[in-house]
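The exercises below ask you to read a protein structure step by step. Try each task before you turn to its solution.

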Amino acid sequence: MVIWSKKMACSTSIVMVSWELLVEELKNIPIEIRLYLASIIGALRTSDKQLTSETWISTSITRIEACLDRTWEALNSGYWKDVPIEYRYCYSLCIVIKAALLELQYELNAGNFTEKEKKATLRNIISQIDKGILLGAPLSSMPNLLTTTAAKLNSYCIDESDGANLEEIPINSDKINDAILSGFLEIIHYKEPSMELFYKQVFMPKYPAVLTGCMRHWKALTLWKNPDYLHKIAGSRTIPIEIGSRYTEEDWTQHLVSFSEFLRKHVITSNSQVGYLAQHQLFEQIPELKEDFAIPEYCSFSDNVDNDVEPPDINAWFGPSGTVSPLHFDPKNNLLSQVFGYKRIILYHPDEADNLYPYTTRLLNNTAQVDPINPDYTKWPNFCKAKGMMCYLKPGEMLYIPPKWWHHVTALTSSFSISFWWS
């Protein structure tokens, strides 16, 4: 199996890519790293002898890793949104080259590998590519290169027998008490609202609403409850998960793990550490999953009357029972769509902000200090004045959350949700 080739024109290649285009990409990265990458790309384009030299390949991998370390420092200095785009391009380009070198190394040694060792090597290459997807930026000349390569590699190294041993995802709804808590108003429900009704009674007034019957055509409603299916599509992929009760607590941290490890350790079985795939653009990383759902037509309405509506930001929220998103607000319209599992959601109007005691730090100024489920009225006395609403979001239901509405979300069972954010 050939993943990469010198000219990338081999008929057995998984991905067709031009080193000439990669040379063009060099102009988009910092000059301090450009020279190191240019020499390696030059050899990959023109040399036959070096491509079969274990010494040259190992030395080149070491040089690429040094470039990645330098780029990593830039990516982790200050706020993510302030990172110069040239360093994200650089990370992607380094990953492309490293994956090519790892593939050459694999081809040289594949004859000595067992099938298990071959799959482990391919999974390592996928892991490298996923890091490029997560931390880099799509290359302008080949924006889908990394995602396409990772998807095809995943299909080669998935162990079907391993997936067959996965237990069912536990979703026990029998013990859920769906009574509206004292002091809260129930959020209004609409069954398959027309576009006109949604616009006039929900979107324009900016009022929360639960929409039922709008996701019945989604294949995800049945497919994603099957861990074998998720394992087959995404098992070898590396994803970022949150570890800890909630992001406002001291025990909160983030890890990179394989999707299958996440399924086994945090979703299917109980774990003393809560693991949550939260607010992640999973469907940009693994676009095959996009085929299982549709962007709701309601997202076509815009608050920007002078601009065309841009596609919504789509995020995945997947985790076990007990995951919590602390009380916070987002600046955009949100359709939170429940694929499977059950969630309890509490909302407050933006005008209640002073009664919710937002943090004053830059990173958390959209998050409230008060916990609406277990409020400390001594510490937060004005919270008793806040008037909230709530709902229980069930499989196949969507919740419209208007911009800047505060919301607190608790998973009552294992749960998979998709949020569509748009302006």
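**Exercise 1.** Work out which strands supply at least two residues each to the lining of the largest cavity, and then describe that cavity.

*Solution.* In this predicted model, strand S8 (324-328), S9 and strand S13 (406-411) each supply at least two residues of that lining. The next step is to name lining residues, which include Ser325, His328, Asn334, Leu336, His407, Val409 and Trp421. Finally, the space in this largest cavity comes to about 100 Å³, and the count of cavities of 30 Å³ or more is two.

**Exercise 2.** Trp421, one of the lining residues, lies on one side of S14; determine how many residues of S14 are buried, and which strands pair with S14.

*Solution.* Begin with the cover of strand S14 (residues 415-422), where eight of eight residues are buried. Ser415, Ser417, Ser419 and Trp421 make up one covered face, while Phe416, Ile418, Phe420 and Trp422 make up the other. Turning to the pairing, strand S7 (residues 313-319) runs antiparallel to S14 and is joined to it by seven bridges, with Phe318 partnered by Phe416. Strand S9 (residues 333-340) also pairs with S14 in the antiparallel sense, over seven bridges, and here Leu335 has Phe420 as its bridge partner.

**Exercise 3.** Explain why Glu352 counts as having no salt bridge.

*Solution.* First locate Glu352 in the loop between strand S10 (343-348) and helix H13 (353-356), where Glu352 is buried. The nearest side chain of opposite charge, Lys387, is 6.5 Å away, and because a salt bridge requires the charged atoms to be within 4 Å, none is counted.

Definitions and conventions. Residues are numbered from 1 along each chain as its sequence is written. This is a predicted model: local features need pLDDT of at least 70, side-chain atom pairs count only at pLDDT 80 or more; totals for chains, interfaces and linings use all residues. Side-chain values use heavy atoms; hydrogens and water are left out. Buried means under 20% relative accessible area, exposed over 50%, partly exposed in between (1.4 Å probe, protein chains only). Helices (H or I, at least four residues) and strands (E, at least two) are DSSP runs, numbered from the N terminus. Two strands pair if DSSP finds at least two bridges between them. Lys and Arg count as positive and Asp and Glu as negative; His and the chain ends are not counted. On a 1 Å grid over the protein atoms alone, a cavity is a set of points where a 1.4 Å probe fits but cannot get out, and a pocket is an open set with protein on both sides within 12 Å along at least five of seven lines; lining residues have an atom within 4 Å of a point. Grid points are joined across faces, edges and corners, and a volume is the space filled by probe spheres set on the points.
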